[in-house]
Each structure stands twice: as C-alpha cells, then as structure tokens.
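Me: I would like to learn how to read a model of this kind, feature by feature. Could you take me through it, giving the idea behind each feature before the case at hand?

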Amino acid sequence: MSCETSFSVRCLKKLLTINVCRFCVQAIGGIVVLAAGDGLRTLSAAQPPAKTIHFDRDIRPIFSENCFACHGPDAGKRQADLRLDTSTGATADREGVRAVVAGNPQASELFTRIHSTDDSVVMPPPESNKSLTTAQKKILEQWIAQGAVYEGHWAYETLERPEVPAGAAHPVDCFIAARLAAEGLPAESAADRVTLARRVSIDLTGLPPEPVEIDAFIADSSPDAYERLVDRLLASPHHAERMTVWWLDLVRYGDSVGYHGDQEITMWPYRDWVINAFAANMPFDRFTQEQLAGDLLPNATQDQKIAAAYNRMNQMSAEGGGQDKEYHAKYASDRVRATSGVWLGSTLGCAECHDHKFDPFTARDFYTFAAFFADVAEKGIYNGAGNFDGWGEMMRVPTPEQVVQQAEIKKRVAELKAFGESDPPELIAEREAWIAAESARLALPAVAASPQLPDSVQAALLLAVDSRTDAHKQDLRKHHRTISAVAKAWQAELVKLETALTALTNAQPNMVATVSGAPRVVRVLPRGNWMDDSGEIVTAATPAFLPVVQRVASTEKETAPSGSPPSGQQLSRLDLAAWMTSRENPLVPRVLANRFWALCFGQGLSRRLDDHGAQGESPSHPELLEWLACELRDGDWNMRRLLRTIVTSEAYKRSSNVSALHMERDPENRLFARQSRYRIDAEMVRDAALSTSGLLTRQIGGPSVKPYQPDGYWDYLNFPKRSYQADVGSNLYRRGLYVHWQRQYLHPAMLVFDAPSREECTARRPRSNTPLQALVLLNDPEFVEAARALAEKTLAEGGSDSLARSRFMLRRVLGRVPIDAEVGVLADLAERHLQAFAGDVEAAKKMISVGASPVPQGILPTELAAWISAARTVLNLHETYTRN
Amino acid sequence: MRHAPQQNNLARRAFLSQSAGGLGSVALGSLLGSGLVHPATAATSGVSTGAAEASPAIWPGVIKAYHVPPKAKRVIWLYMAGGMSHLDTFDYKQKLAELNGQPMPESFTRGQQIAQLQGQALKCFAPQHAFNRVGQSGQNISEIFPEIASRIADRIAIVRSMHTEAINHDPAHTFMNTGSMISGRPAAGSWLWYGLGSEAHDLPGFVVMVSTGKFGQSQPIASRQWHSGLLASRFQGVEFRSKGDPVLYVAPPAGTSLGRQRDVVDAVARLDTMRGDVVNDPEIAARLAQYELAFKMQSSVPDLVDLSDESQSTLDLYGTKGGDGSFAANCLLARRLAERGVRFIQLYHRDWDHHGSVKDHIKGTASEVDRGAAALIEDLARRGMLDETLVVFGTEFGRTPMAQGNGRDHHMKAFSIWLAGGGIKGGVTYGATDELGYGVVENPVTVHDLHATLLHLLGIDHTTLTIRAQGRNFRLTDVHGHVITDLLV
C-alpha cells in the first residue's frame, strides 16, 4: 500500500534534535507572510534560510495547501494519476518524465511547472486560486536538491520517548529552555505570587482563589509552597468540575436532542460520571473504555453503563417525515466525526463521501469506523415529540439511597407476598380465635344458620375440633382469609408499597442509554448517499494506515454474562477502546498531551487542537510533545500527574507580561518564553462573578439547573412548545458547568462568551470580544444580583469608609491589592451614586431588588444601591475575566 | 512597560490571527494590489491604528478589496419558513389541475425520497388558487399575493427551478442558511459580516427577526440558523425581538438610569485603562471599544424600534403601527436596519408548513406576508435604496404536487423563490419545472448557486471567502456553486 511508503520512512526523533527553527519568510508590502512551517512568522525573520529542509515540517504544509487536493491521497479526485504525498508517486517514471528527480531540481517536472509562466502549464493552476510564494518555490527546490526525502507525518509516527535535554531542573523546562537558547530569546521572569495563585486556581479549578488563600500562599515561605498549592487544587472537587467542562465540549454533551424540536433529555448522570472520574483521577485508558464500551464490560456496573451513554450523545430527531434510514446514517457519521475528533484529533468525518483529501483516511475507513457503533440500539426517527422518555433505550438511574430504599421495599413486598402462601403465627392466632368464637356462636340455640357463611364452613364450625378433617380445616382457613383483618392489613400495605415503588422508580432520572443489540448492516455509502445500497458491506475496523487493532478485549467479551455483544469475530467497541489506548496508537497520547498543554497555556504545542493531520500544524516543540505523550502513555495514563507536571514547570509560572523584545520576536508566544493571557471561558465568567460575590452554590453534580433567562427566548422551539421555568433558591447560583445545555437555544449568557452549542465535537473555543458580552455583564440579572451580593459583603466586611470598602471590593474580585488611584475611582463612583440615589430612593429600591434572593434588611437602600454600582463596575472589568 | 507603536501593530496582527482562529491571514496576500479596495477598509483604515486592530470594535471585514464589482451593499432575506408551496404561489401547473385526484404517475416518484407520504397512495393535487398574468412583464403569480402581484411584479425575478438536498425542516433550514446539513457551519449572514464587515456602527451587522403566523403548525427554528459556527461568535446573527428587550439584555437593570449606567461604563473604562498601562494588553482597548458599542446600543436599539418618526403614509404602506411582532412590522424595521448600514437582515415568517387545508391556510399565510413584502420593495425603491439592497424572498423547500389529505407534503426536488433589488433583473422568470411541478427541467438552481450569486452581488467570489478549520478551508458554498448570471442586470 502506498500509505505504508508514505508513513514509515523515518523516526521523527532523529530530525528533531538536529533542527532549530530557521524558517524562510518574505515580506510583502510590510506584512510578514508565512512561507513555511506555520507559526514563527516574525520570530525567524532575521534568521538565515534553512540549511536542511524537512518534508514533514517544511514541505508537507506546502503540498497539503496547494497540491494534495488533486495530487494527494484521494484516488477519486486525483489528476493525471500523479500523487505527491508518497515518494513512489512523486518519483515514478511517467513516460520519461518524473515529477521529482531526487537531487536534481532542474530535471524535476515539479520544478518546471511551479516556475512556468504559461497558464496552461503552471502549477498550481490559476483556477485553483492557489499560488506558491517565491520562498515556497525555493524551499521545494532545496528539498529536491537535498534528495527529496519523504518523512512520515509527525502525528502518525511511532511514539518514542525522546531524551530530555540538559539545562533545567524540570523536564518541561529543559525542552523549552533548549529552544529558547537556540533562538537566543531570554525567558520572562516568574509571575508574582498573586498572579500565579490566581492563574493556577483558574486553570485547575475554574474558580479564582479566595483572598485568604492568596494570603496563605504569599505567607508560605517553604520551598514547596507552590507544589502544595497545586496539590490542594488538584484534590479539590472543583478541579474535577473544571476538567469536566473541557471534556463535555469534546463529547458534545447536551441536555436536549439538538435536532428539530430539540426536546429535553436526561443526560446529566453522564456529566456526573465524568466529574467523578476526574475526581478519582481515573486513568485515561479506563476513562476511554468505560465511555466507549462500559456497557459491554463483564458485570457492568451502573456507573459503567452511565459512562457508555457517550455513545448516545449524538443529536437525535423526532421530526415528522424523516426516514429512519437517513437518520441512522446521520447518527453514524455524527459518531465518527465526534469519536475521531475526541480521541484521534482527526477529521475522519471528511472521508464520508470520498477518501480524505489530505490525510490517509479512506472512505472505507470512515464506514469501518462507523461499524464499531453498529450495535448501539437506536431508532432513526424517534417519536419523542412531547414525550421526554421516548428516546429509544432508556435507563433508570437511582441514587445509592434510592437503591437501598428500593431494596427494602422489595424485600417487604416479597415478605407480604410470601404471607399469602404461608400460614404465619399472627394469622393462625386470629383464625383460631375466630373459629372458637364462631363455633361458640353457632352452637347457641338461638342462632339460626348464618347467611354470611358458606355451608361447608358452617358445617366445619359445627363439628368438634377433633372431628374436623383436613378438608374441613382447609375450608376454614380459606374462608378466614377472606375476612381476616390481618390479611387485609397486609394487602393494604402491599398496595401501598407497590405504589411507592412505582413512584420511587419514576422519581429516578431516566437517561438515554447505550444498549448493545444486533448490529445494523453498515455499507460504504457512495458519495455519502444513504439511499444508495450499492456499496460494500463492511465490519468494524480501525483506519487501515494506523497500527492494527488487536482483539485484546475478546476474552472479556466472551465471558460477559450480560449484554449482548456483537456476534462472532467482529470487533466491538471494547476492541476500539483498547486500540485507542494501546501502546501502538500514535495519535491518542499526542492529542491528549497537546490539549492538556493548551489547558495550561491557552494554546497547544500544535495549535490545531482539532486536527493533527496534514492540514494541522507541526508542533512548536515536537520533542516536548513526544515526551508529554510518553509520560501519559507510559505513566498509566495518569491525567492528573501530567497536569501537575506541566503546571509545576518554570515555563508555566512565568509572567504573562509582554516585553518589547518578545512582542517583536515572538508575538504569538510560540516559544513559551512567557505565559499567555486570555479571557476565561463562558462557564468561568459566570463562576467568577458568583464566587467572588459569595453567591456561588458549591454543590457538586445533580440535574442541570436553569438560571434566569429572558422571557420568550425559547419561543421558536416547538413539539412541544415550552416556556422556560427558572429554578428557585440555591440552584440559581450553581456553576456554569451545570447550566441546562439546550443545544438549539443555549443560555444567552453562555452563548455570547463562545460556549459551543455542542452539536459537534469542539476541541477549541474561539475567544471573541463583543458588545453583547458587555450587555450581559452589565444587565443580566444574574450579574446584577451578584453585584448586590458583593456590595452586601463589602458593606458587612469591608470597613466603614469608601476607600476601605473600595479596596476590599477590588481585592476580593481581582485577588491583588489595588493601587490608590483605582481605589479612588471606585470610591468616587460609590459616593456620587450615594448622592444620586438619595435623590431617587425609588430607583435605589428597584436596584437592590434585582434577583430572587431576599432584599437585605438593615441596610439603607441608597447605600446598598450605590455600592451595587461599584460592584457592577468591578464585575465588568477586563481583569476580572482575564487569566493572566 | 511601554512599547513603540510599530511593535504594537505587529503584535496586533498576531493577536488578530490568534483570537479569530486564523481569520487575519485570509486572502490578504492575494488581494493586495488588485485595486478593488473595499470601502469599509478605506473608511476605517484611517482610524484603525491603536489597539482596535486586535479585535476592532467595528469589524472591517477580511476582504480588503472586492473580488468583483459589487452590485448590492446588503441583503434582506425574507424567509418563508415551513416550506412554501411553489404550486400555489409562483409556479402554476395546468396539467396538475387536469390530473387532480388521479394517481401521480410513477415515472415521477419512483426511487425518490418522500417525507410524510411514505407508503401512501400518491395522488395529484391541483393548484389550489388561480394565477394571474400581472405587470408589464406578465409574471404569473397566484391570486393569494395581490400586493406583490399588483405592485412589485416587474421588480422581481422569480426562480422556479430551486431544489435542495433535505426533505425535512430542520436540516433543510440548516442547508439553506449554511450550505451544509452538518451543524456548526456559519450562516450566510455571518459570512457576509465576516467578509465585508458592517456599515452599522452601533448595531450588529447581522440581524434576525421572527414572526409567527396563525395558519400553520409553527415548526421550530433553531438559533443554529443564524449561528456563526466556525467563525468567531461576534459574527453571530443577533435576534431583534418584538417582546421584552428588543435585544437581549439591552436595557439597563431596574433602577439604573442611562446616566448612572454611563457612570459605571466610564468607571470601567478608567480602571481598565489604568490596568492597561501596567500590563500592556492590547485586548483592553478592544474591550473598551465593545463597551462603548454596547452602551450605544442601549440607545440605538430602542431608537430603531421606535417608529414615531415614520410618516403615516409609510405606516399605511406597510399596514402596521409597529410593535406587534408582525411580519409587516419586521419589514419596516428591516428597512430601518438597512438605512443604518446593517449588512444582513433576515426575517423569518414561521407559518408555511401546510400539510393540511393548504387552500385556506396558504391563503391565510400569504396574506400575513404579502403587504409587508411588497411595501418593503416599494419603500426601498422610493428611497433609492433598492438598487443597493438585495432582497431574497425564499423558503427551505417546496411542497408535493401530490395530495396529503387536502394539504401537501414536503418536497425538495423543486421550489420557487424570488429575488429583487441590487443587481437583479426585474420582471423575469428563471428556470422551469416539469408539467406537474415535481422536478426541475430547465436551469436548475442549487442552494449553493443561490449563495454564490448572493456573494457575487456583494462583490465576493464565493470560492475565495474561506475559513480554515478542522483541517480544511470551509466556505459558504462548500465545493459547489455557480453564479446565476442570467439573473443579473
């Protein structure tokens, strides 16, 4: 196979140690234009041209952007039967002409074509709207002259642990320092302790630190003060919450189905499973296995089945007129896009209609990958409209207390039913008494035959005790039962318990569940057309160019007593999970390590967090990424340890201030000579306002919550029509993670801060800056109420004069001690508004009544309103929502 | 520490390309020196020194020079949501009337995708309303649109040969708006805002309004239809509402006068600026610009929806007093938005899903939009704005020539729309369906073609406006689309 030629050429490790960055750049019209090696466009402006050209770093990006669409992996679209993504293809003798003649640019047709001025000859052709820069042409020439050596793509090469260069105490710093030294760029100094405490708290828990925590950190002069802070944060349940936000974007978690009526579903037990998994620092291999195939594990626990709901996270539709077959195809490709995005950092979804244009994924790979999920029982079109429990396979999720309650009820029900069969002493006693009484009564001369008693019973009663046969006794027993107060009490209890049991079950979350059934037939769909049944039938397989999946999971599967795993020799989701985290899988550890780096620096070592393929970006520090990936893979997939490793490096702890030198040499911070600075995510914006004001409810897990939302925001939802009911009480002040995720109409305060709809896998959120964000922070009642709480807290704890109060307020929210000028601005505002509200007490009363929490007594409305203005100011500062 | 302006500029480019996911580098190189300088660029270049370039308050657009001479500055898209029957509006079929009640010939339907009529006997269902030849052009328009027929027939180009790839509302809307059925691609309005920026300085560049009629079953509309998808969320369409705040959170909180709100914004600016002096963060200036814009919106949005400055004759023209959330009121607001330079204005009327009683219901729904649409065209024309405004009157799909009871099912093989205004020929009909109105037989137009034409009229080559994401370049027209030159002046 040509793919083998392409991707097995050389060990990445060797070339990485030789190279320091020397990219060619060209200035056009004052703008520095990237020539090769995406990234350090200005950084290397003053560097000499590259001495050694490397295919993967220098050539592949040029080919991928300009050539592969017609001369790449997609056989269907290949022109002139020429492919440039393999050495064999590029150097093949084509009737005496070779695209590439190694070592001889002038003899290479490629060289001739890219330099041609004839529109009918030049490559890329004018109609492609692509063109090569002079620098790119030069690089291609140099590469051919140097022997036109092909290399494997960095992300697909075997992962091998690199040597850690000398030079620093911390391995991460060794790699960073080596590169900085090579570039001759000095590193920033360490961040001050306040900034550092705030940064690491936000990164690891999503919450700014309390001032007392900062104080404690500043006061702690022990050498391991920072490490202990890190460990404390990592052990906090809020750390698990923070990681969960990140993961839910990837797996596209939502509380509604997404398509058409966007009906609500219960999925939050899965979200809580993720929280619990991070809290327990579940190794990533198990984390992977339980989500992809928890339901197939032997004796799968409830938790494992909940984790497997990952497989039902796709959007679903109950739209009238939709066809099952079409939607089965939609759901299948949804899963391929998501799963390849989450774990492989790959765009396998591009291969639905044709072989991938840039990466060696074939259309067949797309469908064999989809076939792993063919056993997931589901409908195409659901009849869930208006019925929130109608989404195919569902699962009740009792709490541990409910499990106990349920067991107790069931035990008692069994007892009561058993009483029906047996003759317990209390019943015997009652019967004996009844027989005695009735016999005596009937024996009285005045008593005629009793019409309530059957003849046989009367006859038995009239007999002497010793004369009663077993049949007589049986008659008496039977009849007594019909009139027994004891039996009636049992019956009543039984009815009550059965009602209670039903109620208890109905009160339990009924979540969308993954249940394995008979696998659907999966065909390669020509051009992705679900109506075309002409394609080959395929079974589950991993992408052909990657290391082969081993059926390591088969023994477990065959011994599985429950569930119905796919039959025979077919690979299952268990096999897929095992393959993902097998030693041979080159992508998963790289993708994960890169994303962890991004969690700590705001950008990955390769910045394309969603694509590690040819169209992605070569990592800025390839060896560091390899090392981090190996730490994960060879370190029991310990995610928390990797995070700890990254955040304890000097690189992490650096200041994010930008010096003139860094601004000039490395404006995009590709070398990590400094830390990054950026707006925090939507959830954290909410969390910051709620936590610094003291409103935050620190409850972990549970059903999603509904904060205030403008009336009418859901007006265009239908089937059924819905009106939004905000929560009451403490649920109004939960973390952003728990906000109800309506995929079609996500809460507007989340949406404007770039939270994704989660219809698709999101590996990287944009960070935009819009007037709508300002409107939310200024006017959303949630933030106004937070300002009120902050004002109250300030009046209670912040001293008695305006300056002290202003200082308190700024310190609470920003973490640092404010300068006098800042304090002055805030105090001035508060004082001016105190006067203004004194002249407009009604306005003050309105101001202090925004939000559902009770209006505080004992504070003058005018004073509180004035300090709400100050608090609103602080809760609108850039710094409040910036991670420095 | 302080830095020279030159260094800051350099850094801003970097921030631009970072913060918008690589937007900044798009198409710069290829456009330089081509001479087609985009006016928004010219207008803002003089003031775009300073940090505004990091995340400019007024987005100038990535297109620095038009690819082709633009014919229109903006788009108003009147979206008949639910699937407007072409057979009862703009595409009369005599043969269908003749075959009314008879089996639909299988030659049309064999192997074709069908929605709710799956497994049912398919019978022809005549056009439910008479059509008239109207205007000097003799356009053939259903009697259910008396205003459109009598007032603007000669200004519109009817396209009878539209077809789409989705047979149900949700995916069909998504396809019509984003060029893909896969969620997460930018809507056309987001693309235009991203590409050209907006001339509205205190309003969003992409505004959406929704009205709901009384004669259909009010199919849902997802906010996905105006989502910016792969583009940064600043390009998301902003919904203007007829109830509550016209824009979410635009009103200051209770007890806060605009003056006191101003005080807060000023204090924020002073504190942010002080901090900016310490940390040298260009994003601070960008953020302050957004606060200014937000503050302006607190007056500009109420001003926009306040119709007291409209003349009685204008209100009569539209047949609305405003404030009622009607389609006509939204049409008037659309004109006001257009006057203020908003780039893309989209009006949904959510009532065209006529599975039953199509005769009565489509007449009712048509009456809800007829006057407003005609008035909008006339109003734009008399103000000299029609020539620079592209108006689209469209829907997500058509309806079956086959009966569904006394209604019609969804139909993706053919439907009708009309276009008017900047760069569009008036009084013409383009394309044709077969004798039963089932499939397109002449000049087929895809959704991608419509998008390509729309971009073309605004000066953009649809193959060039791209965004790099998920490992490839995305564009509104995917890898398809041809400009329908026959429709152009």
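This is a predicted model: local features need pLDDT of at least 70, side-chain atom pairs count only at pLDDT 80 or more; totals for chains, interfaces and linings use all residues.

Reply: What follows goes through confidence, a helix, the nonpolar cores and the contacts between the chains.

Me: What span should helix H12 of chain B have, and how far apart are its end C-alpha atoms?

Reply: The expected span takes 1.5 Å times one less than the number of residues. For H12(B), residues 327-339, the 13 residues should therefore span 18 Å, and the end C-alpha atoms are 18 Å apart, which agrees. Just after H12(B), Gly341(B) takes a positive phi of about 95°.

Me: Is H12(B) mostly covered or uncovered?

Reply: A residue counts as buried if 20 or more other C-beta atoms lie within 10 Å of its own. By that test H12(B) is mostly covered, with eleven of its 13 residues buried, among them Phe327(B), Asn330(B), Arg335(B) and Leu337(B). In chain B as a whole, buried residues make up 64% of the 489 residues.

Me: Which residues touch the most other members of the largest nonpolar core?

Reply: A nonpolar core is read as a set of buried residues joined through C-beta atoms. The largest one here has 347 residues, and Ala309(A) and Leu419(B) touch the most other members. Helix H10 of chain B, residues 282-305, gives the most to this core, with twelve residues. Beyond four places in sequence, Leu419(B) touches residues including Ile156(B), Val159(B), Leu390(B) and Leu487(B). A second, separate core of 22 residues includes Ile53(A), Val100(A), Leu132(A) and Phe358(A).

Me: How many residues of chain B are in contact with chain A, and which element gives the largest share?

Reply: An interface can be read by counting the residues on each side, then asking which elements and residue classes supply them. Here 80 residues of chain B are in contact with 87 residues of chain A. The largest share of the chain B side, eleven residues, comes from H9(B), a helix covering residues 258-279. By class, the residues of that side divide into 34 nonpolar, 29 polar and 17 charged.

Terms used
Residues are numbered from 1 along each chain as its sequence is written. Chains are lettered from A and ligands numbered from 1 in the order in which they are written. A nonpolar core is a set of buried Ala, Val, Leu, Ile, Met, Phe, Trp, Tyr and Cys residues joined through C-beta atoms within 7 Å. A residue is buried if 20 or more other C-beta atoms lie within 10 Å of its own, exposed if 12 or fewer, and partly exposed in between; C-beta atoms are placed from the backbone. Helices (H or I, at least four residues) and strands (E, at least two) are DSSP runs, numbered from the N terminus. Two residues are in contact if their C-beta atoms, placed from the backbone, lie within 7 Å. Ala, Val, Leu, Ile, Met, Phe, Trp, Tyr, Cys and Pro count as nonpolar, Asp, Glu, Lys and Arg as charged, and the others, Gly among them, as polar.
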